[in-house]
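Open the model in your viewer and keep the selection panel at hand.

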Amino acid sequence: MNNTELIKRELEKFDIRFTASEDHNDIFNELAAYLDHLVVHNFNTLISLLYRMDISEKKLNQLLRDASGINVGTIIAQLIIERQLQKIEARKSFVPKNDIPDDEKW
């Protein structure tokens, strides 16, 4: 499974559903549009979502200050995808090793 599929699967855990294919750009654009919608229509849900995803408030605020002319949904989508990739990589590093001989297993 590639990273785009894993990211899509991770985001679905937060009830973010996609109509887009497995194309990274399509998923990114759909996520950015969804986040823009939340900024305008349901800001409390957005804040809750960012908290549950463990998005750094400090980093988000810095990016929003520095990014003039960039869509807010795009900035947040980049942070979310970056964070999901970090989680995916962390899980890969903690995959249990199955190097115990069969005769020593319980």
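Ala, Val, Leu, Ile, Met, Phe, Trp, Tyr, Cys and Pro count here as nonpolar, Asp, Glu, Lys and Arg as charged, and the others, Gly among them, as polar. This is a predicted model, in which local features need pLDDT of at least 70 and side-chain atom pairs count only at pLDDT 80 or more, while totals for chains, interfaces and linings use all residues. Residues are numbered from 1 along each chain as its sequence is written, and side-chain values use heavy atoms, with hydrogens and water left out.

**The pocket.** Select Ile47, Leu50, Glu57, Leu60 and Asn61, which lie nearest the centre of the largest pocket among its 13 lining residues. That lining divides into 11 nonpolar residues, one polar and one charged.

**The core.** Next select Leu11, Ile16, Leu31, Leu35, Met53 and Ile80; of the 26 residues in the largest nonpolar core, these touch the most other members. Such a core is a set of buried Ala, Val, Leu, Ile, Met, Phe, Trp, Tyr and Cys residues joined through side-chain atoms within 4.5 Å. Buried means under 20% relative accessible area, exposed over 50%, and partly exposed in between (1.4 Å probe, protein chains only).

**One residue.** Now pick Val39. Is Val39 partly exposed or buried? Val39 counts as partly exposed because its relative accessibility is 29%. Leaving aside neighbours within four places in sequence, Val39 is in contact (heavy atoms within 4.5 Å) with Leu46, Val72 and Ile76. Draw a distance from Val39 to Val72: their C-alpha atoms are separated by 8.2 Å, although the two are 33 residues apart along the chain.

Key
1 Å grid on protein atoms, 1.4 Å probe; cavity = no way out; pocket = protein on both sides within 12 Å on 5 of 7 lines; lining within 4 Å.
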